[in-house]
Every structure is written in structure tokens, then in C-alpha cells.
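User: I would like to learn how to read the features of a predicted complex. Could you take me through them one at a time?

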Amino acid sequence: MARVKFLCDVDRCIDCSGCVVACKEGNHVPVGVNRRRVITLDQGKPGEKSISVSCMHCADAPCIAVCPVDAIYQRADGIVLVNKKTCIGCGYCFMACPFGAPQFPKGNVFGARGAMDKCTFCAGGPEEDFSAEEKHLYGQNRIAEGKVPLCAGMCATKALLAGDADIVADVYRERVFQRGSGVNAWGWSKAYKE
Amino acid sequence: MTNSLNDIRHAKSMIFIGSNAPEAHPISMQHILYAKEKNNAPIIVVDPRRTKLAAKGTDYVRIRPGTDAAFMLGLINAIVTNGWEDKEFIRTRVSGYEEMVAVAKDYTPEEVENITGIPASETLRIAELLANNRPTSLTWCMGGTQHHIGSSITRTFCILQLVLGNMGKSGGGTNIFRGHDNVQGATDMGILADTLPAYYGLAEGSWKHWCKVWDVDYEWIAGRFKSKEDMSKPGFTLARWYEGVLGEEKIYQDTPIKALVQWGCGSNSNSQYTRVKRAYDKLDLLVIVDPFPTMAAVACETDNVYLLPSASQYETSGSVSSTSRQIQWRNKVVDPVHNCKDDYQIMELLVKKLGFAEPFYKNIKQLPEDITRELGKGSLTIGYNGQTPERIKLHMENWHTFDVDTLQAIGGPCDGEYYGLPWPCWTEEHPGTPILYDVSKSVAKGGLPFRNRFGDEMKYEASGRVENQLAAKGVCNPGSEVEGGYSEFKDVVPGTNWKTDLSQKTIKDAIARGMAPFGNARARCVVWNFPDQVPIHREPLHTPRPDLIAKYPTFKDKPDHFRVDTRFESEQKPDLVKEFPYVITTGRMVEHMGAGAETRSNQYLAELQPEMYAEINPRLANDLGIRDGSMMTVESPEGAKITVKAFHTERVDEKTIFLPYHFAGILQGKSYADKYPEGTAPYVVGEVGNAVTNYGYDIITQIQATKDGLCKIAKA
């Protein structure tokens, strides 16, 4: 199997936060911890744009490189996971992450942060698949069930795509190709007067 | 909706006016964006706010609240002036056209600019865009209706589509998105104050029809009313029921309202909310049936409230009607939890206690399938009779066989049928009607002409012209026995018509002859029994442009309007704007739903939108010394005043304040959070925005005018 990827099509994202709520509700993420967020630029102005962001499960993940206790690891399919029992909550991964993905549930200014939490691509954690402990610490394991992550499954406009990178790329490629191919196809009214 | 959400995929252009789909109807956006992407269809957004839909749109037009009719008439005028109207469609399928054009011609681009604030060049540009990209799908929502001329505004939308010839066509139509998953069903079942289920009205014949369906003696029902006159008299509306309690306005019934049942109704969506609250306190009895305690449950401070916890949609089953007129079956996921009961049980227990369960439950043995069967049997006006529970369930089970573009099943057990059997579905063999008024298909295959309802001929008051109201010769559905217009069917079974013949012989005969049971007529631009026979612009009751009142005055005051007087002329005070200089308008946010009792009780939605706020343009805010994130007051001409957080944004212009209406639990600074039964307080409470929405109601429907009032604001 190829690696998995996320892709958010900004032309489609409507800033509804359906992905955020699906993630939290489905994985029982505590209030204050955001595995996924929708970012909006130029709100209320011409050119307003939104994008849904979480851990991108990077190829050469900087969080793995900086983790002093090797709590973060990457599966063969590219999914980056954290072992919460090993994590010491130092926060180095947060500094290293280009997307601001790592979350620290108990964070306050001087106190211990608690184990890092982040998007699991709905693939649970290092514990046994579908075990109570896995569910408690990491939430659902939809990947083991053969399903896409909840956020993408819930997306109203299918802006957020997730899964096998080749398939995600195919879906997006087809979408790009399809744009302007229908009844008002670009150039048609000029080239072929009705 | 005349078409369906999916059919928008075929649009060559889309215009949204008073609709903000990404916040109110996010699911619809997949079809809207599909049309934009695949067809290069422009998305034209007409709104006082630069909304999230405008962010996804191609063309944004900022309009002054309440002036939608003027803009539409301006577009119509521009289209007609340039000869872009669909002449053949108008000649064959539209009536009162000349009379309408005579009115629209006064709305020149310059006059439209004066009224709406939309530059004259924009009106011309949008008109040309629509003319060059047909068919257009036109969508409006509450933003189009909640005005004192809401019924006129919505008619101008329809007339624009007639002029462009966009009705009865795939990719066209007037597509009004309903706000909840079963609002279409609720409307169809007659939740309005002036009709029995399925738009039968309240006339004696209507009562007799439904008594036959229910198998209940008409005289017995009539005997339960004070008089037969009372039986046919429209009741109070949702917008103004509290007038019947308060006794502050003259009411047209013998006694004030003493008891109220609010069933699945979040009351803080009512305007004039401080008066609503006083009415709760004055009632002898208030019963609230809801999964969550609503604002009414806590706002009412006298000892008269009963809360009946009802089950959520996941704890019950039954048929629901979507915005696309599709009927679907909702399956129960879990049994009702805690001490709640589903709505059927609550209703049955109530009816039993009241002592008339025996006559009313004759047809209902197997809940809720029998309910669907009974309502279908009676709702012939809108063709609910073909959708049996068995057929609906078969569609749900074979979902995968339906085409996403056409909604038609390709093979499988539902072959050729349209998903959800969109009404009218005339018989148990009918495939449903995916697009209303489409004469390209036979009636038996889901086609339909325009309905003949108000006679075959009309003499117009304005012009004195007499016009045949039936469709022109040659225009009919394929296979029609009559090649052209024809009247509605009656006396096939003597003494009945297509709406009241419960044997359904009339309907079946019509379809066998290739004809629509309700006739084949023209769509009317002139409605003789409305105060404005052709819709025109009238200035909002509380207007920021008093200079326009002389030319565009409101109506005369209306007595006995749903049992209470409604002020129009006497309420339109030109000086009001001096003290209340800003326009106040309301709307939805995606995280919360309706009155918010449910969504504010969800921790994750509460986290995303934890606070009531007012949108204010940064320039206006800075001029008044209101900093972003600081508190500000909003005060209505009726004397209500709320204190909310200021949210600087250029979504609104410098004259407009926007409030979301989902918040409750605080009214004019007073918190009611501690009044919720233990453990049921929502995570988020906030000022009720509708405390400061103004007086004002539509002349026909009496819907509240919450989109174009006035207010004053200050730093708190």
C-alpha cells in the first residue's frame, strides 16, 4: 500500500467546522484540544479563504526527529503516531511542527503539559487494535476498520480528502480536470456561438 | 423548491438573495460548488453582508436590507428593455405579463441604485450575466421573506425566473432551501395558522375532507368549536401568538390565550422577545415538549411550566420530507434514553387523557407507518398519496442505485423512479416529480404543467385587459389528450374534485389521459387578491431612508390580521432614524441551529462559538469608540436593550449591525442560567438577539420582519 495523505481543496472548504466537530465527537477529544482546525484568512473581505488543518503526517516528520524519548513513530503507511505512555510532554515536537499540530491537554504556563495529543488519521495508537485502552487514549481506529478518517468522511463539500495518496491524487486530479468541462465550458461561448 | 439540491448541478448560473448556504445549508454547497466548477457557472450573491457564500461566489452585490423587490424589478426591467426575456415562454405559459412590465419599467437602474445602493452599472451587468447563462437556479431563504413586504419580494424572485424562462427546467427553478431536515414536511402537514394539512385551508369543505380521511364525524368536530365561523377563522401566528395573551393590542377572539404548548419550538427565534417573555409569565399553563429545555422554560418565571422531555431523532423513526420534496424514512438508532418519550407516545398519551383517542386513532395501529399512510391518503393537493412507507423504505435500501445527477434509479427494484418520490407522486406507480412545472416529460413520468387554480379567465384591474389563464395551444406534457391548456379536473366522481376524491379515480383518470389533475395553466404575474397585485417596493417600516417613504410608502394598517391588528402606516415614522440610525439584521451561524437549545448544549459546538456578539464595521466601531472584543449595547425603538461583544468585520457595511439569533439564557443583561433544571443548562448562554429585533410583519403571511429594523448602539 502507498502512504496516506490529507488534501484540503481550498476552493471547496466553506469554513463549516464539520471536520473539527466530527473529529472531536468521534474520538472524544477533550474541549480545548484541537486535533484539527479550520483557519480563515481575510474574513469578511474579498478573497476570503478557509482551510482545514491537522497533523499532515509528514514524510520526513520533524516531530520524530526532535522527540527526546522517541515517543513519536511513523507507520509503514506514513501515519505518524505518538505513544502517550512514553511521551514526557516536553513540547519540542510543537516547536518543530510546521503546522502547529501537537496539542497538550494539561498545558499551563509552568505546569506539566501531559502527554502530547494529535491527529491519528483515525488510526488509534500503539495499543492493540480496537482495545479499550487504545480507544481511551487515542480514540477510534477507523483505518483498521477500512474506513477513511472521520473528518474527511464528514466533509459536506468533499473539500477534505484523506486516504491512500494515489487515490487522493486521482480524486483531486479528476476534479481539476472536470473544472470547466461542463455546459459552460471555458471558451465555448467564444469559439462556438450557440 | 421547484427543483432539487442535486439538480443545481445542472445550473449555468446561480443567484442567491437572502441565503447564506455555507452557514445555513452546508450540505447544499457540494452541489452548488459542483455547478460552479464543472459548468463555470457564476455564483451571484446578493446580500447586505459579504457572507461566507460570497467568499465562494463569483459576483457579490451588497444590497440595503429590505430592498430586494426593487433590485429584482430592476433586473426584470433591464432584461425586458434589452429584449433578453424568453418571449416564447412568456407567450405560452405566463399571464399578466404586460401589467407586470408596466410596473417594472419604473425601476430604472438609476432608481434601483437610489433605493438599494447597488450601482446602476451592477444591475445591468447582473441582468446580462443572467441572460447569458441560462438556466439560472435562484435561491432565497429567510433573508428574502422576513420583511413587511416579504410576500411581494418572493413573488419578484419568481417573476424574474418566469421572464428569463427558467421555470420547469433542469438547472433552473426557484430553489428555496428549508432550514431543517423536515421543515418541508412540517409545512406540508399544516403548521400554519390558516390551513389544515396539505394546504387545504380552513373552509368547511376542507374540514369535511380531513374528517373523511380521519374517519371522524364532521358534526362532532364542529361541535367542539364555539361556532362554525370560529372553525374557519385563521388563528394566531407563531410570530404574534403572544398578543393573544398580553391583552395590550385589540384581539379578535372572545377570550385571551390561556395555555400554550410549544413542541420542538425554540422560542427565542421570535422577534420582540421581551414581550414574548412577559406573555409566558401571564399564561395559566405553558407546556414545553423538547429534548432540551428551551429559553421559554427558563424565561417564564411564574409557576405554570411543564417540561416534557421528548426523544431525539435518533430515538424514533418515521417519514420526513426534505427540502427537495423527497420523502425519506428515518430509522431508530437507539431506544429513548433517560426518562424521555418519543413524540408519538407523548401525543398519544395526551390525546388519550383529553378523551378523544378512540375517534382519532382508528386508522393508526402500527406507528408510525400508519401515520404516513393516513396523511398520504388525505394530502392529494400535493400528491403525498403515492409514497407508501413500503416504497419509501425500498428507496432507502437501494440508495446506491440512484444517479446523483438526475436522482433517477438506474435499474434495480426502483428502476426509473426518482429518489424519495418527490411530491407530487400521484399514484403508487408514479415515479415522483423531480422538477415542478416541467412540460418536457409526461405527467406519468414526472412531468407537470403550471397549476390552474384561480379560474380560466381574468380581467386585470390595472389595464382592463381580459386574459385567458390557461396555457397556450400546443404547450402541454407529451401524451396529453388536450394539446394546450386545460382546467383542473372535477366531477369525475360527482360532487368531488381531484383534491377531494379520496377514491383517487380523478387523479388516475387525468394521468391516464396524459394530463395533470390540477390543470395546465399559466404562471401569474398578477394576483388580484393581494394588496399589491403586481409586487412593488415599499420602504421598510423602520427605514434609514425616510426620504423614500413618500414615493414608496408602506400599507394601510391592517385590522384583524390573524386575530390581531397589524400596524403599517402608523408605524412608519420618518423621524425614527434620527434616534436609531443603524439598520439591524439577523441571521444564522453554522455552528448553531435555530434557537440553539440543542447546539449550545453540545460541548464542541459551544467551544467553537461560545459567545453572543454583534458584527460591526471597523470604521463605524472606531468612530464610536467601540473596540474589537469590547462590549457594546444595541437598543431597539421598542425600548429593548442588549449588551453584547463587538466583533469588528467588514462583512457588514458602515450602516448595518448583524446579530446571530441562536443565543439565549440572558435577556437584557439578566441571566437565567440558574433557572434550568439541574444538569440541563446549556454550555453557552448569551443575550437573545431577538430582544431588539423590531416591530413589523408581512402584510399577507404575518412573518416577522427581523431583517430590516433600526437600532442605536453605544459603547457599553
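**Backbone exceptions**

Analyst: Helices (H or I, at least four residues) and strands (E, at least two) are DSSP runs, numbered from the N terminus. This is a predicted model, in which local features need pLDDT of at least 70, side-chain atom pairs count only at pLDDT 80 or more, and totals for chains, interfaces and linings use all residues. Residues are numbered from 1 along each chain as its sequence is written, and chains are lettered from A and ligands numbered from 1 in the order in which they are written.

User: What kind of peptide bond joins L367(B) and P368(B)?

Analyst: Most residues other than glycine have a negative phi, and most peptide bonds are trans. The bond between L367(B) and P368(B) is cis, with omega about -20°. Another cis bond runs from W423(B) to P424(B), where omega is near 0°. P424(B) belongs to the loop between α21 (389–397) and β11 (457–459) of chain B.

User: And phi? Is N40(B) buried or exposed?

Analyst: N40(B) is not a glycine, yet its phi is positive, about 55°. The residue lies in the loop between α2 and β2 of chain B. A residue is buried if 20 or more other C-beta atoms lie within 10 Å of its own, exposed if 12 or fewer, and partly exposed in between, with C-beta atoms placed from the backbone. N40(B) counts as buried because 22 other C-beta atoms lie within 10 Å. Q504(B), also not a glycine, has a positive phi of about 65° and is placed in the loop between β12 (466–468) and α22 (505–512) of chain B. Q504(B) has 18 C-beta neighbours inside 10 Å, so it counts as partly exposed.

User: Now the sheets, please. What is the order of the four strands in the open sheet of chain B?

Analyst: Strands of a sheet pair through backbone hydrogen bonds, either parallel or antiparallel. Here, two strands pair if DSSP finds at least two bridges between them. The open four-stranded sheet runs β3-β2-β1-β5 in chain B, with parallel pairing. β3 (59–62) and β5 (136–140) of chain B are its edges: each has a single partner strand, so one side of each has no neighbour in the sheet. The twist from one strand to the next averages 15°. For a detail, β2 (43–47) of chain B pairs with β3(B) in the parallel sense over four bridges, and D47(B) has R62(B) in β3(B) as its bridge partner.

User: Which strands does helix α10 of chain B touch as it packs on the sheet?

Analyst: Helix α10 (150–163) of chain B touches β1 (13–17) and β5 of chain B, and its direction makes about 175° with that of β5(B). Contact has a cut-off: the C-beta atoms of two residues, placed from the backbone, lie within 7 Å. Axes are lines fitted to C-alpha atoms, for helices over the stretch in contact, and angles run from 0 to 180 degrees between N-to-C directions.

User: How do I read two packed helices?

Analyst: Two packed helices are described by the angle between their axes and the distance between the axes. Helices α12 (204–214) and α20 (369–378) of chain B pack at about 145°, with axes 9 Å apart. H209(B), W210(B) and V213(B) in α12(B) meet E374(B), K377(B) and G378(B) in α20(B). By class, this contact has two nonpolar, two polar and two charged residues. Ala, Val, Leu, Ile, Met, Phe, Trp, Tyr, Cys and Pro count as nonpolar, Asp, Glu, Lys and Arg as charged, and the others, Gly among them, as polar.

User: How many residues does the contact take from chain B and from chain A?

Analyst: The contact takes 27 residues from chain B and 27 from chain A. On the chain B side, α2 (29–39), α3 (52–56) and α24 (603–608) are the elements that give two or more residues, and α2(B) gives the most, with six. That side has 11 nonpolar, six polar and 10 charged residues.

User: What ipTM does the predictor give the complex?

Analyst: The ipTM is 0.93, and the pTM is 0.96. Chain B averages a pLDDT (the predictor's confidence in each residue, from 0 to 100) of 96, and 100% of its residues score at least 70.
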